[in-house]
Structure formats: structure tokens, C-alpha cells
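Try each task before you read its solution.

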Amino acid sequence: MCCLQVECQAPTMNLMQCTAFATADEYHLGNLCHDLTSHGYVEITSLPRDAANVLVIVTEKSAKDDDAGMIFFFREGAVVFWNVEEKTMKNIMRVLEHHEIQPYEVALVHWENEEMNYRKGEGQSKLHKGEILLNSELDIDEVVLQKFAFSNALCLSVKLAIWESLLDNFVESIQSIPEILKSRRKVKLSHADVMQKIGELFALRHHINLSSDLLITPDFYWDREKLEELYDKTCQFLNINRRVKVMNEKLQHCMELTDLMRNHLNEKHALRLEWMIVILITIEVMFELARVIF
């Protein structure tokens, strides 16, 4: 029984952690690379030229000895840590703060992170039941490419999680409006407020459908079938497509509601203009009558 227990615990002992965060809309990768290398971190330059949206750094400060600590910084504002000790992660996150464009709230960043366990072993690299297996016989360049594929999917997931949270906050801010309209009470939103909310919705829709790889597989994988399989399997596990579909349905509903609010305000404005014209005509008629009578 004791032998069986040791055998069962062995795989767990070899597990390492992969953690992803979305911290900003975008990173200045060039400046970030210079800053990190000046702190003693080493850049990996073996990635193909068509993987230009990522910076890969290695560190000696690994959490476990089974694998080197590695960090992937994606230009889209997400970072993925592989087997990096917690103290080093915090130090890197502090450096990263100086190279972020439109950073997110710290609490939101840490709440919407993704964590996966991984290990190195025999057989083909794969994602199985939420755990990543990396082939221990691969050379360093192949390991970097496979970690890139997994990290790419994790990057999409954490970015999507941030947008989901922003959309939930938006929905909460307008959820009382249908009841207000139903009860014929006054909507306490100006035309400028409504236009601002429409702008927020269009920005979210743009991020999801136009400026990210959420809807299609990136060109990088078209002639790299094995990496594409790892990327697609990870996206499936993280429910990327289903989450995008749900978000777009919510966005469509919100767009319909904000359009309704805008039309309501436009009608009120048009009615106000009509009354002003009527009043002005009435005043003009009264002046004309007064001139004729007196």
C-alpha cells in the first residue's frame, strides 16, 4: 500500500505551474525587452520571424528544477509564466507596469488569471484533462514553440476574461433601464451619456471581433499543424468560441437597448424643438395682433 501511495504521488510532485495574466491593452515590447535584459533576464531569439507579437524571456529563478523558468509577453497585453517562482513573478510584474498601455485594475488582473499544471514526460506533447504534457525529448527550440502555442491560447483566454468582466459591469450599469422605461419613469441619462455607452460597446466589439485572434486561427499556425493542434485543443478546453458567442449575444442585446435609449432621447429632443417653434410662432402672432390693435 505504501508503494502504491508513493507511485500515485510521484506525478503530482513533478507538476509545475503555468500562469497567465492580462494586465493592459498593449505592451511596448521593445522597451520592455531592454528593461528586462538590464535586470539580468535573457531573451530567447529563436522564435520564427512571423511570431513578432511576442517577447520570450528565461530566468534562472525557476519554481522547480525540472524545467527552466520561461515568460511569454504578448504585445496584446498578456503575460504567461512557466515554472517561475512567485517572488520573481512579482518582480517582473513591477517592471512590466512601466511598459503597459492602458493598464487594467490590479484586482481585476489577479482575479481573471488562468492557471494550468504541466509536466515533462515521454510521448507527444498534449493537453489532457486540463494538464499539459511536454515531451521531455524535445530540444529547446521545439519546447519554446510548443510553449508559445499553449501560451497563445492562454493569452486569448485571460484577455477575453477581462472583456467579459468589463461587459458584465456595463450590463449592470444599464440593467435598470428596461424597468424604468416600462414604468414610464424618466431615464436619468443625457444624450452624451448614451453616446458614451454606445462608444464603450463598439470598443468592446472591436476588441473581440476585429483586433484579436478570437474568431480565427492565427496565420502563424497555418503551416505548423502540430502547433495548431496544441493551440486549438487549448482554446477548446478554455471554451474560447462559446465564450465569444455569448459575449457577442450580450453585446447585441446591449446595442439594441442603447439604440432604444438614443431614439427615446432623440424623440424627446424633437418634441422639445417642436414646442419651442410653436411657442415662438405664438409669440410672433401675439406681437403682430398687438401691432394691429394698438
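**Exercise 1. The whole chain**

Solution. Start with the ground rules. This is a predicted model, where local features need pLDDT of at least 70 and side-chain atom pairs count only at pLDDT 80 or more, while totals for chains, interfaces and linings use all residues. Residues are numbered from 1 along each chain as its sequence is written, and side-chain values use heavy atoms, with hydrogens and water left out.

Step 1. The protein chain has nine helices and 10 strands. They are DSSP runs, numbered from the N terminus: helices are H or I with at least four residues, strands are E with at least two.
Step 2. Of the 294 residues, 40% count as buried. Buried means under 20% relative accessible area, exposed over 50%, and partly exposed in between (1.4 Å probe, protein chains only).

**Exercise 2. Positive phi**

Find Asn-83 and Lys-129, and decide whether each is buried or exposed.

Solution. 
Step 1. Asn-83 sits in the loop between β6 (78-82) and α3 (86-96). Its phi is positive, about 55 degrees, although Asn-83 is not a glycine.
Step 2. Asn-83 counts as buried because its relative accessibility is 1%.
Step 3. Lys-129 belongs to the loop between β9 (126-128) and β10 (131-135). Lys-129 is not a glycine, yet its phi is positive at about 55 degrees.
Step 4. Lys-129 has 77% relative accessibility, so Lys-129 counts as exposed.

**Exercise 3. A histidine and its neighbours**

Which residues does His-99 touch, not counting those up to four places away in sequence?

Solution. 
Step 1. Locate His-99 in the loop between α3 and β7 (100-103).
Step 2. Check burial: the relative accessible area of His-99 is 9%, so His-99 is buried.
Step 3. List the partners: Glu-26, Tyr-27, His-28, Asn-31, Leu-32 and Asp-35.

**Exercise 4. Salt bridges**

How many salt bridges does a search of the whole structure find? Examine three of them.

Solution. 
Step 1. A salt bridge here is a side-chain nitrogen of Lys or Arg within 4 Å of a carboxyl oxygen of Asp or Glu.
Step 2. The search finds eight.
Step 3. Lys-90 pairs with Glu-86, with the closest N and O atoms 3.6 Å apart. Both residues lie in helix α3, four residues apart, about one turn of the helix. Lys-90 is partly exposed at 47%, and Glu-86 is exposed at 56%.
Step 4. Arg-119 pairs with Glu-131; their closest N and O atoms are 2.8 Å apart. Arg-119 is in strand β8 (residues 114-121) and Glu-131 in strand β10, so the pair ties together parts 12 residues apart in sequence.
Step 5. The side chains of Arg-224 and Asp-223 meet at 3.6 Å, N to O. Shared partners join Asp-50, Asp-223 and Arg-224 into one salt-bridge network.

Definitions and conventions:
Contact means heavy atoms within 4.5 Å.
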